[in-house]
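Please walk me through this protein and its ligands.

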Amino acid sequence: MRLRRVWGRHKEKILVAGLLALVFVVMAPPKPIRDMVMREEEGVVIVDGVRKKDYNDYMYLKKEVLQTGLGEHGIGGSLSPAFDKEKEELYKVNGFNARLSDDIALNRSLSDIRHPKCKKKLYLVDLPNAAVVVPFHNEHWTTLLRTAFSAYNRSPKHLLKEIILVDDASTKDFLGKKLDDYLEEHLPIARVVRLPSRWGLIRARLEGAKHATADVLIFLDSHTECTTNWLPPLLEPIAVNYKTAVCPFIDVIDFETFEYRAQDEGRRGSFDWEFYYKRLPVLPEDEANMPEPFKSPVMAGGLFAISSKFFWEIGGYDPGLDIWGGEQYELSFKVWQCHGTMVDTPCSRIGHIYRKFAPFPNPRKDNFIARNYRRVAEVWMDEYKKYLYMRQPGWLQVDTGDISEQLAVRERNKCKPFKWFMENVAFDLAKHYPLIEPPDYCNGTIQSLANTNLCVDSQMKGQFDRLDSLGECGPNMQFQFQLTAFKDIRPLKSHNCFDVPDLKGEKAPVLLYGCHKGLGNQMWRYDMENQLIRFGGQETHCLDSSTSNKEVFVSMCDLNSQTQKWKWSFVNKDRLNNYKNLDPKP
Ligand code: UD2
Ligand code: MN
């Protein structure tokens, strides 16, 4: 009643006021978008027209800072000698110090070793969700669970849909019902998919991927730890382009102490022509752009993210790959050749236990690694496969089995030739790992001129990685060395090189350490005139020996010292005369 009276008396005024209000709303300057978005969702900002946000879980970070105990903050630990026996037993079946792992919290804290700019980095608000898929065969309880808990605890909850552990016919009791029950109670996002027999890690991953319902598949090894805010940097490049595979930086969890440390600050993945996984330097433009994702030719294999859509478009993995090995090359070649991209993303760091030794007996009677490699080479590598077979002629004797389905995948996706990959993606691979090895500078035995019965001997007698001895010269492999085109010295065909980590002291030890292509502390030159083996770019130090206690070491070069004089069985004089002009240069 009252309203009607008011309306009757003031009709005109009300209409004018309403009209004015409408005009005001229409004409009013728009509110800055940023303000509007901020109200819509806390912490969201617009960067170059897209909505981004800070995914850091500050509450969790605060809690981690306060954690104390063994292994916390990624600091290495040890056990009292009272546990020696248990330790050794668990070492044998795991290849790492699993007993120590049992004394470290499943949710241990880790210090943040990312590039400083990662802390503040914002990621797209709209990210796809993810399934973590972890194949395991007889993994140790605490390392397996730490993998799952670290992934869960450090993820934005809406982005992690499921964790699928794929049990590849484990025989350890606790990996059965006990594991199912434990997960149901303590980590319900995770479940176990069980294989009926030993299928190997590749088909285990395929099976996990088939069960996954999330947009993105993230594969992890079963002894890993995800660090702070590891997930958004893996997902963002996929949100931008679904044909992108994304790898985290893989850090080292020490197999003995469980210390968490960086492997390095990034390299591009690669391989040599015996299919050993290798790494190439980061390109200068990528270095300048750190910590933005950069292109990498080949993944390490165990840890990466890929959209489920793209994974299945390119046929997943070849299910003919058995047990272990080669799948990292297959998927990398496929991604690149079939119109995708692969990047490493420095702000996502995940630790991995590189075992001290492989603890499992060979589950097959045939050489499955050779067959895996050959399948990959036959399907994807075109004329380049011959560079593998040249070095491993034995692989040609191994039957590949049926590869017609893989060839069909290549055809269906109109994938590019391997030559394209070599020229456009792995364009510097052949420089570091030549298709055909250039000739050695010297090779054969390295005979001491202080006592010509004695030769450098690569059979280690003392400390396990130290080249410490002279032996009675003989035809055995242990006396065969090469001063390669990379200017390093190594036992014949070895992948370990003479390495001098520290020149301090009168007798600097020479180690046998993974070859990193002649530069720095692995560079040597044979000075034919003086019969010296000179070390490093400066050449102030030389290979020296003590013939009485048969030691080998490095000391200051001395033209008059007989213990520094050596004779190689074969010397390529032309190449040695041209040494300074040939690559690599110090
Ligand atoms: C590296 C990769 C690994 C894989 C392999 C080549 C990293 C850090 N690791 O070897 O992921 O690409 O190269 O194939 O890049 N497993 C099974 N069934 C088996 C054998 C293994 O489920 O028959 C599981 C195992 O429990 C682990 C994963 O597969 O979770 C990888 O095996 P690994 O840790 O022995 O391989 P790794 O790290 O030496
Ligand atoms: Mn592993």
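## The shell around ligand 1

Ligand 1 is surrounded by 22 residues. The closest are Asp168, Asp221, Ser222, Gly325 and Glu327. A residue counts as near a molecule if one of its heavy atoms lies within 4 Å of it. The model is predicted: local features need pLDDT of at least 70, and side-chain atom pairs need pLDDT 80 or more, while totals for chains, interfaces and linings use all residues. Residues are numbered from 1 along each chain as its sequence is written, chains are lettered from A and ligands numbered from 1 in the order in which they are written, and side-chain values use heavy atoms, without hydrogens and water.

What kinds of residue make up the shell around ligand 1? Seven are nonpolar, nine polar and six charged. Here Ala, Val, Leu, Ile, Met, Phe, Trp, Tyr, Cys and Pro count as nonpolar; Asp, Glu, Lys and Arg count as charged; the others, Gly among them, count as polar.

## Contacts of ligand 1

Polar contacts are pairs of N or O atoms within 3.5 Å. A polar backbone atom of Pro135 is 2.8 Å from an oxygen atom of ligand 1. The side chain of Arg205 has an N or O atom 2.8 Å from an oxygen atom of ligand 1. Leu201 places a backbone N or O atom 3.5 Å from a nitrogen atom of the ligand.

Taken alone, ligand 1 exposes 740 Å², and the protein buries 90% of that. These areas come from the Shrake-Rupley method with a 1.4 Å probe. Two or more shell residues come from each of β4 (130–136), α8 (200–211) and α12 (327–337). The largest share, three residues, belongs to α8. Helices (H or I, at least four residues) and strands (E, at least two) are DSSP runs, numbered from the N terminus.

## The manganese site

Which residues coordinate the manganese ion, ligand 2? They are Asp221 (OD), His223 (NE2) and His352 (NE2), at 2.2 Å. Donors are N, O and S atoms within 2.8 Å of the metal (3.2 Å for Na, K and Ca); water is not among the atoms, so sites may look incomplete.

Along the chain, the donors follow the spacing D-x1-H-x128-H. His223 sits in the loop between β7 (216–219) and β8 (224–226), and His352 in strand β15 (residues 341–353), so the pair ties together parts 129 residues apart in sequence. His223 is buried, at 6% relative accessible area. His352 is also buried, at 10%. Buried means under 20% relative accessible area, exposed over 50%, and partly exposed in between (1.4 Å probe, protein chains only).

Technical notes: Polar contact = N/O pair within 3.5 Å; in protein donor to acceptor, adjacent residues only side chain to side chain.
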